[in-house]
Amino acid sequence: MIPSAFDYERATSVDDALARLAARGGAGKLIAGGHSLVPLMKLRLNEPGALIDIARIPELSGIRGQDGGIEIGAATVHHAVATSDLLRARCPVIAETAATIGDPQVRNRGTLGGSVAHADPASDYPATLLALDAEIRIQGPGGTRTVAARDFFQDLFTVDLAGDELITAVRFTPTRTAAYAKLYQRASRFAIVGVAAALDVDGGTIRRARLGLTGALSHAVRLTAVEDALAGRPATADGVAAAAARAGDGLNDVNADIHAGADYRRAMVGVFAQRALKAALARSQESAP
Amino acid sequence: MAAPVLPKLVGQRVKRREDPRLIQGLGTYVDDVKIVGLRHAAFKRSDVAHGRIRSIDTAAAEAMDGVEAVFTGAQIAEFLDPMPIGTPFPSPEHRAVATDVVRYVGEPVAVVVAAGRYAARDAADAIVVDYDTRPAVVDPEVAMTGHPTVIHADFDNNLAVPLVPSGTGVSPDGKTVDDTAVDRAFADADVVVSQRMVNQRLAPTAMEPRGVVAHYERGKDTMTIWSSTQNPHILRTFIALLNGMGEDQVRAIAPEVGGGFGAKINIYGEEYVVASLSRRLGLPLKWTEDRSEAFLATIHGRDIIGYIDVAATRDGKVLGLKLRLIADVGAYNMLLTAAIPTLTMLMANATYDIPAIRTTLTEVFTNKTPTDAYRGAGRPEATYFVERGMDMLARRLGMDPAELRRRNFIPADRFPYATQMGAVYDSGDYAKALDRALANAGWRELQRQRDAARAEGRLVGLGLAMYVEVCGLGPSASLPTGGWEHAQVTIERDGRISATTGASPHGQGNETTFAQMLADQFGVPLEHVRILHGDTGVVKQGIGTFGSRSQAVGGTALHLAGTKVREKMAKFAAALLEAHEEDLVFEDGRISVQGAPDAGKTFAEVAAYAYVPVPLPAGLDPGLSEEAFFEPANNTYPFGCHISMVEVDRDTGELALLRLVAVDDAGNLINPLIVEGQIHGGLAQGIGQAMIEEVRYGADGQPLTGSFMDYAIPRAADLPRFELDATVTPTPVNPLGAKGVGEAGTLGSTPCIVSAAVDALSGFGVTHIDMMLRPEKLWRIIHGGQA
């Protein structure tokens, strides 16, 4: 629980952070809330030569509605997401997701960008960002770029982000008709399985469904088979339940650890897909005039 | 006569006086101790479960900045003897730092002394150890056959304790065993239930990890050692012993101690090493355990398998009980390791009048962290096995579990009651506690609610457990350290009261409860009483706090010392007031003659006179300071009844605890608020064991639960609102009538939750589920196949 020696710098802007990162070569590591990185450093599983603190860069924090979309700065802490009036009104699923992360201490320090960049296979945000078709905004030495969440999460702790880049924000089109449901791991409160579901419902019919899954595989994925099965179906609880019941059946290489075996996790994908879908459906019914 | 202004405090819900400083960060813990010239120690620990050390290369570590010395186990062994054991069982040699073979992940192999904590840790990482690894011995029932290998050369088949019998037909020395009565009980039985049960391994996880600072002062040839310990006097004894010093030369200090749960009874290798290195180097030296180390290097608790057989008539009278115990004690015997499972044997009678009982105990070495006392220490294990057995019997007979208990209770008129296991239960009224719990829970209504929920397809279950535990440890015959406690009460010259206690607290609230007692005894405000503890330089003698003994034994010593001072003070007051001492009243900060309160003196005036006694009354020495030792004639046996209601989520197997109703009888209570706090904590840990806590090891002996990311402990939000109540059956063992309550919560809660879960899932044909009640396990029962 004692990290090896490191230098510490605080960046004042995104450009400053990128310059400091470049100056450190491969030895620099960005830190915001530190709730993924610092535990690894304490266990000496990660020993960066220098930490470049981006937590207090003003442009990286905040939740903004823009052009019909919503953008959340990468250094925004989970607590701010969980309690945002804007998000609760227009996109409750992401506030709900943030509220399930860790405990109050974690939620007051940990950040959206940090969680997404770290890409723990059991972290909560990726499922929801996938279901929202979110975009990850990235800035690097070559300028800015945008990656779809679907393309961003690639493998275990592996994302489409180079060592000299940083995430500036996450952007998505808000929807009220989405929900997140998770099976808690009782020690860490990470997701043994977490499913986010977003529904486009029109006239009692599901036009489109998007489901993001975390916890079950090496990285978060979309449950496309369930999405396809739901499209065009009646928007009823029985209908979504039937379509999602076997959501886990086609999954390969399902995680297994001391908390949950692969068979159980696979079954829980179906259970929590159903729960997320039913909750999303309930929201679609309350938002209907 | 007017009613006293000061309320009598004993029995009142006085808030803990300790808490304002603790919750404001104003406490001083071991890691807060700073001394000029302080150096820091770090331990290099084995990362293999079992292996011979081929070589240790310390050159790189020694060359690092700030590093002053590096010692391997072999070098330490040149000046530090093996660790003492506090039990009579044969034990393998246990070095504080391994010399040739490592036997669990986390065992120290070298120690670094450096200028700073970080430098010490960096250097420990730079030590290179080459191991010739051996097969890891992980499963105790395989280990008993000598497979895959033997851990200690002199212990065939890894048997730390080969087989100890106890109970009906067994002679007190265990040498002769007559099976007649037990065999007859089973032959006569209409029904026998049998089950193998695992009481899993737990990590104590005190909020404050261990820590030690040792300061040897060459000029005075004295050692001061600060340690996060439950028993500084025992620490002093052993530190003196292993350093070849006198107890007069060693001062042991337990400052604020952030929880112990039994794990801080032990004197650990790190304490011996830090003390001996401080002396050898002539430097103050500190080591603070980090959380990763705590999971590996602080003792674990429980980890015992019980094979239980209960024989009964068809109308529910238990005729006989057999309990075969196999304890996985880990790699070594620590101070009390070998003795803890014997307490499970001792309490096998539970609350029942059982004609024939046979227990046997086998203890087995494995390549795991050693086990030792953890809150309850042997009694929760006994309670769990017997209460689960009773629950299975009730289910088999189709009998209400409360009714089955009632038919087998030791009747209230049979106390003191000598059990088949050799205990003498001091006092008890088990039916009263059961009745109160049933009434408080609304047992019939709960059964109706359960049945209604089941009719809706919900998986709701009820569980009930009785417990009796052995507390107030204990007569000196039962403890190698002595089983007494000591106190000294001093009336200071200004009339304030200072009292010392050897019952060194680590969360028990003695500064409050003991002050309540003295405030009442002397008729002074609570604020005028200070309780001093945790420093052998201040507290002359003591044993420490464990086995729920601080109130029953330490509190009684305090009461006796207070009584002596009061008697002497009355003599001084009588001289001042020209009255008879038996006519004096201590009330509202005054000592006065009964019936004439205005004619009295203030408490401070009498105190001042005692220290400047002009004239000195005949037959009196100056001063007001008296001490007392108290040796109890017996243990105390608190008891109670816990009831729970649970619901299992059919889809996920998640277990929700809906209700927990507890009735605990700890005899007379000094402070019900503190008692309830103790019960809350114990319940949380008992619930944790049932539902979410388990230390796991891989087949290679690697720990799989090395952090709070994988080892769950209950949080407030995980727990229901506890519904507590108390019956009061005083003990005759001490004049306070107090039995002790620190561990009680861990006893009843665990089996009652498991029984409730079994009840909830009884429709699936299940009769027992081993802890912890992991959702996947319950889901498998619901969805086909056993856990």
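1. Chain A of this predicted model contains 12 helices and 14 strands. Its radius of gyration is 19 Å, close to the 19 Å that the globule rule gives for 289 residues, so chain A is as compact as a globular protein of that length. Along the principal axes, the C-alpha trace of chain A spans about 55 × 45 × 35 Å.

2. Turning to the interior of chain A, 49% of its 289 residues count as buried. Among the contacts in chain A with a separation of 6 or more, 64% are accounted for by residues 24 or more positions apart.

3. Where the two chains meet, 16 residues of chain A are in contact with 20 residues of chain B. On the side of chain A that touches chain B, helix α12 (residues 262–287) of chain A gives the most, with 3 residues, and the residues of that side divide into 11 nonpolar, 3 polar and 2 charged.

4. In chain B, the axes of helix α18 (residues 672–691) and helix α19 (residues 745–760) come within 7 Å and cross at roughly 35 degrees, and α18(B) passes α19(B) in a right-handed crossing. Residues making this contact include B:Gly681, B:Gly682 and B:Gly686 of α18(B), together with B:Gly745, B:Leu747 and B:Ile753 of α19(B). By class, the contact of α18(B) with α19(B) has 8 nonpolar, 10 polar and no charged residues.

5. As for confidence, chain B averages a pLDDT of 96, and 99% of its residues score at least 70, while the predictor gives the complex an ipTM of 0.96 and a pTM of 0.97.

Methods: Residues numbered from 1 in each chain as written. Chains lettered and ligands numbered in written order. Predicted model: local features only at pLDDT ≥ 70, side-chain atom pairs only at ≥ 80, totals over all residues. pLDDT = per-residue confidence, 0-100. Axes fitted to C-alpha atoms, helices over the stretch in contact; angles between N-to-C directions. Helix = DSSP H or I, 4+ residues; strand = E, 2+ residues; numbered from the N terminus. Left-handed = near helix turned anticlockwise from the far one by under 90°. Contact = placed C-beta atoms within 7 Å. Nonpolar A, V, L, I, M, F, W, Y, C, P; charged D, E, K, R; others polar. Rg over C-alpha atoms; globule rule 2.2 N^0.38 Å. Buried ≥ 20, exposed ≤ 12 C-beta atoms within 10 Å, placed from the backbone.
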